[in-house]
Amino acid sequence: YTCPCIRSHTSDNVFMAQSNADYIVIFSSHKPYRMNKHKRFEGHIVNGYNTQLDISPDGTFVASASANGLLYIFSYRSSRLIKTQSIGVSPTLAVKWHPHLSSTIACSSWNGIVTICE
């Protein structure tokens, strides 16, 4: 599957890729770039959209946009879904964690609306 978004982790030596197969996968950031087959983040819907992910500044949470208009927040250590938040009816495409306010995330939707979530 293709990966529309890739982010490096803030504190671990890994990078994360949003897969069009509706999950986020983790790869080591050193050659030979092996995929972690035991840990992945599932529950959100990509549906061919260019949905993005972001990692909290302290590295403890992973946020993912979703084609169903929701924001998904996962625990990085356990890969469990912690919270979903409705952003709107159109697909949520981009998420970005605030670099200093760790409880604030900006989300943008397909219809051009930007939402600030706390």
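## The three-stranded open sheet

In this predicted model, three strands form an open sheet in the order β9-β10-β11 with antiparallel pairing, where strands are DSSP runs of E of at least two residues, numbered from the N terminus, and two of them pair if DSSP finds at least two bridges between them. Because β9 (92-97) and β11 (114-117) stand at the edges with a single partner strand each, one side of each is left without a neighbour in the sheet. From one strand to the next the twist averages 20°, the axes being lines fitted to C-alpha atoms and the angles running from 0 to 180 degrees between N-to-C directions.

Strand β10 (residues 105-109) pairs with β9 in the antiparallel sense over five bridges, and V95 stands opposite C107 in β10. Four bridges join β10 to β11, again with the strands running antiparallel, and A106 has I116 in β11 as its bridge partner. The hairpin of β10 and β11 has four residues between the strands, and in this hairpin G112 takes a positive phi near 90°.

In a regular strand the side chains alternate between the two faces of the sheet. For β10, the covered face consists of I105, C107 and S109, whereas A106 and S108 form the uncovered one.

## Nonpolar cores

The largest nonpolar core is made up of twelve residues, namely C5, V14, M16, I24, I26, F41, L53, I55, V62, Y72, F74 and Y76; such a core is a set of buried Ala, Val, Leu, Ile, Met, Phe, Trp, Tyr and Cys residues joined through side-chain atoms within 4.5 Å, and buried means under 20% relative accessible area, exposed over 50% and partly exposed in between, with a 1.4 Å probe and protein chains only. At least two residues of this core come from each of β2, β3, β5 and β7 (70-75). Apart from it lies another core, of ten residues, which include A63, A65, L71 and V95.

Leaving aside neighbours within four places in sequence, V62 is in contact (heavy atoms within 4.5 Å) with M16, I24, F41, L53, D54, Y72, I73, F74, Y76 and W97.

## Backbone features in the loops

Most residues other than glycine have a negative phi, and most peptide bonds are trans. D22, in the loop between β2 (14-19) and β3, has a positive phi of about 70° although it is not a glycine, and at 27% relative accessibility D22 counts as partly exposed. N47, in the loop between β4 and β5 (53-55), likewise has a positive phi, of about 55°, without being a glycine; at 61% relative accessibility N47 counts as exposed.

A cis peptide bond, with omega about 15°, joins K31 and P32, and P32 is found in the loop between β3 (23-28) and β4 (35-42).

## Overall fold and surface

The secondary structure of the protein comes to zero helices and eleven strands. Its radius of gyration, taken over C-alpha atoms, is 13 Å, close to the 13 Å that the globule rule gives for 118 residues, so the protein is as compact as a globular protein of that length; the rule is 2.2 Å times the number of residues to the power 0.38. The C-alpha trace spans about 40 × 30 × 20 Å along its principal axes.

Buried residues make up 41% of the 118 residues. The protein exposes about 6,500 Å², of which carbon and sulfur atoms supply 52%, with areas from the Shrake-Rupley method using a 1.4 Å probe and, for residues, only the protein chains shown counting as cover.

## Basis of the values

Residues are numbered from 1 along each chain as its sequence is written, and side-chain values use heavy atoms, with hydrogens and water left out. Local features need pLDDT of at least 70 and side-chain atom pairs count only at pLDDT 80 or more, while totals for chains, interfaces and linings use all residues.
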